[in-house]
Amino acid sequence: MCSSDLTTMPGAPASAGVVRLEPSVIDVKKQEPTTVYDRDGIKVTALGIPHGNLPTLAYRVETQGKSIVFSSDQNGTNPRFPEFAKGTNLLILHLAVGVGANNPNQALPAVVGQMAQSANPGRLILSHIAQFDHDAAVADVKKGYGGPLTVGADLQCTQVR
């Protein structure tokens with residue numbers, strides 16, 4: 001898997017909105033998180049998470065004493081993920097399947113709730129929501145997770161607290 005290190009193009013003012021990608025290879029099988037960016041008060045680390053036979057990455061972004069963990073699709077079987085996300089201000093997890101689904105690539109709602117409870121974030125945001133009984137799925141998440149929860153929406157803005 002690859003991650004990108006974003007920097008301003010040489011000679012271009014920062015306000016120009018021009019970025020240069022400096023790709024780096026991330027070993028999704030590595031047991032410990034990999035630092036992919038650490039500059040100007042912003043640190044980004046990545047951790048491989050299973051998505052069936054399609055491994056992917058979760059990212060933790062830390063700046064100004066706050067953190068956000070973004071999980072891409074995962075099936076919830078990496079026991080290191082909750083520690084990676086531990087105590088983050090915002091934890092964004094995909095809720096891509098409904099209760100009782102049979103999909104080895106996606107965490108069931110109950111597993112999403114368990115991962116969130118173990119991570120103990122300031123707030124859980126559910127994203128990447130497909131077509132299924134949302135009320136039942138969110139209720140299943142809440143059986144395992146008792147903290148603040150938001151069901152995400154396209155173009156939603158959330159203040160990090």
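In this predicted model, serine 72 touches Ile49, Thr56, Leu57 and His94, residues up to four places away in sequence not being counted. One of these contacts is polar: the side chains of serine 72 and threonine 56 are joined at 2.9 Å. Serine 72 sits in the loop between E6 and helix H1 (81-85). Histidine 128 lies 56 residues from serine 72 in sequence. In space, the C-alpha atoms of serine 72 and histidine 128 are 8.8 Å apart.

The relative accessible area of serine 67 is 5%. Serine 67 therefore counts as buried, the cut-off being under 20%. Its side chain makes a polar contact of 3.3 Å with the side chain of arginine 60. Besides Arg60, serine 67 is in contact with Val61, Glu62, Gly87, Thr88, Asn89, Leu90 and Val160, neighbours within four places in sequence being left aside.

Helix H2 (residues 109-119) packs against helix H3 (residues 134-144). The angle between the two is about 35°, and their axes are 7 Å apart. The crossing of H2 and H3 is right-handed. H2 contributes Pro109, Ala110, Val112, Gly113 and Gln117 to the contact. H3 contributes Ala137, Asp140, Val141 and Gly144. By type, the residues of this contact comprise five nonpolar, three polar and one charged.

Ala137, Val138, Asp140 and Val141 of H3 are buried. Viewed down the axis of H3, the buried residues fall within an arc of 155°, so they line one face of the helix. Asp135, Lys142 and Lys143 are exposed, on the face of H3 turned away from its buried side. The N-terminal end of H3 is capped by aspartate 133. A side-chain oxygen of aspartate 133 lies 3.2 Å from the backbone nitrogen of aspartate 135.

How values were computed:
Residues numbered from 1 in each chain as written. Predicted model: local features only at pLDDT ≥ 70, side-chain atom pairs only at ≥ 80, totals over all residues. Heavy atoms only, no water. Buried < 20%, exposed > 50% of the residue type's maximum accessible area, 1.4 Å probe, protein only. Polar contact = N/O pair within 3.5 Å; in protein donor to acceptor, adjacent residues only side chain to side chain. Contact = heavy atoms within 4.5 Å. Axes fitted to C-alpha atoms, helices over the stretch in contact; angles between N-to-C directions. Helix = DSSP H or I, 4+ residues; strand = E, 2+ residues; numbered from the N terminus. Left-handed = near helix turned anticlockwise from the far one by under 90°. Nonpolar A, V, L, I, M, F, W, Y, C, P; charged D, E, K, R; others polar. Arc of directions from axis to C-beta.
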